[in-house]
Amino acid sequence: MLSARRAALAATLTAATLTGGVIAAPAPASAAAQLIANGTFDTTTAPWAALGQTTVTLEQQAMRVQVRQNVANPWDAMVASPTAAALNPGKSYTLSFDAYSTAAFTAKATVQYTATPSSNQSLATDVPLTTTSKRYTFPFTAAQAGATAAEVTFQLGGSGGTPVVRFDNVSLMETQTTRPTALYVNPKSNPARWASENGGRPESGPIMDAIGSKPIFDWFGNWFPDITKAVDTYVGAAQAADKLPMLVAYNIPNRDACALFSGGGAGDAAGYHAWITDFAKAIGNRHAIVVLEPDAIAAAPCVADLNPPKNPDDQYRMLLDATQVLSTHAPNTWVYLDAANATWRTPNFMAEKLVESGVANTRGFSVNVSNYLTTAVSEQYAVAVNGLLPGTVGAKKYVIDTSRNGKGPYEDDTPGDNWCNPPDRKLGTPPVRQTSGAEYLFWIKVPGDSDGECGFIDDIPAGSFDPRLAMSLITGES
């Protein structure tokens, strides 16, 4: 290791952290506390210290690290910063950051103790840097150690050259010990963002009050170029607020195979496995709720009608793999595998395909996502499906989407009119956890987001927010 590394790092610690030249253990961190004193680099890189063959400068609100000389060992060119509070031995943490390099190479990131040899590390992991900025997220458990003052390091030696590496949005947070009971209200949800950006319009107040201020699911698919960054940013914001994040994973190949308004998804099974693995790892050990692939089971038979035709059984196998991936890489996440709605597939069909798709690996299943059926009808359907699950699986928890079922379904004989932006519908019961029946009533579909270019407002693509749709759900009139 560097001979002067401890002295250089000690110089970055505040006087409050030092007592007679000995590093004093700071107060233990709370689960929602940010343990990186400066991870955004808005005006400075302090307290990050350049150690060995590195130079650190501030560049466009990011930390620019120049490796000055080609060195063999990773730790001979590094940057380090003390944590803002003590780690709690045995507790779970997540280190996240954005980074890219002028040359692709494998760096190292560590979280290690400052008052003991630096081989005493809670986290020591490879970081495969590329020339494109990516989000990296690493869960770990704090090592049992007598001294708990810690540092975060990025070790950049051994690249075979003198690259420049840029870091931003560095975060270190402890996973909540207990599961948060309050659901996360995302201030950047589609309705909340629209209301904040259109404050002068008369609809902004009602949309914010009735929709934007409520806990609504965030949907994640291949429209995010960096799924790790998208998921980690959202889950991290919820964790900082000590609230429970709610995510929809919506990227299975042949997505929305029946209607195709939301068509797309990963290119193939291998691509989907990689995507859902990144999705799950971005959640990591943190607590979350995930609704897995709305309509994927119910729509699987439709893939046989595509050109060229696909095998429906492949859809179920991909879902089975996804449930296993989430169970492995996001163990504190409650996953609900989607079971469509009461008017699409029979309970017998759904129970059989839920089993094939891995419901045994999940908390349970979701019903009525993006639909309008009443809560009572959805309850009856969910109970029927549960009753048909085999004893090897047992009865599962279930959740119901009530985002747009305040008036029930629109009765019309025109195909599609009863589910695709139908007129005169209304918001349903706001999100709440229950003690009987459905475990949660959720707003999984974002009220005000279009179902597609169809219905009484037929010029808005699927997933895009429109205030006309939102106001129709608030007033119950189109």
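Reader: In which strand is the place of Ser101?

Author: Keep in mind that this is a predicted model. Look along residues 92-101, the stretch that makes up the strand holding Ser101. That strand is β7.

Reader: Which backbone oxygen does the side chain of Ser101 reach, and which residues does Ser101 touch?

Author: Leaving out residues up to four places away in sequence, Ser101 touches Leu129, Thr130 and Thr131, along with Pro163, Val164 and Val165. As for the oxygen, the side chain of Ser101 gets to it at 2.7 Å, and it belongs to Ala103.

Reader: On to the open sheet: in what order do its 5 strands come, and which are the edge strands?

Author: The pairing is antiparallel, and the order runs β3-β6-β11-β8-β9. An edge strand pairs on one side only, and that picks out β3 (49-52) and β9 (121-129).

Reader: By how much are neighbouring strands of this sheet turned against each other on average?

Author: Direction is ignored for this one.

Reader: What is the bridge partner of Ala49 in β6?

Author: β3 pairs with β6 (residues 77-82) in the antiparallel sense, over 4 bridges. Within β6, the residue bridged to Ala49 is Ala80.

Reader: And Gln380, is that buried or exposed?

Author: Gln380 sits in helix α9, residues 375-388. Exposed takes over 50% relative accessible area. Gln380 has 59% relative accessibility, so Gln380 is exposed.

Conventions. Residues are numbered from 1 along each chain as its sequence is written. This is a predicted model: local features need pLDDT of at least 70, side-chain atom pairs count only at pLDDT 80 or more; totals for chains, interfaces and linings use all residues. Side-chain values use heavy atoms; hydrogens and water are left out. Helices (H or I, at least four residues) and strands (E, at least two) are DSSP runs, numbered from the N terminus. Buried means under 20% relative accessible area, exposed over 50%, partly exposed in between (1.4 Å probe, protein chains only). A polar contact is a pair of N or O atoms within 3.5 Å; within protein, one must be able to donate a hydrogen and the other to accept it, and residues adjacent in sequence count only if both atoms are side-chain atoms. Contact means heavy atoms within 4.5 Å. Two strands pair if DSSP finds at least two bridges between them. Axes are lines fitted to C-alpha atoms, for helices over the stretch in contact, and angles run from 0 to 180 degrees between N-to-C directions.
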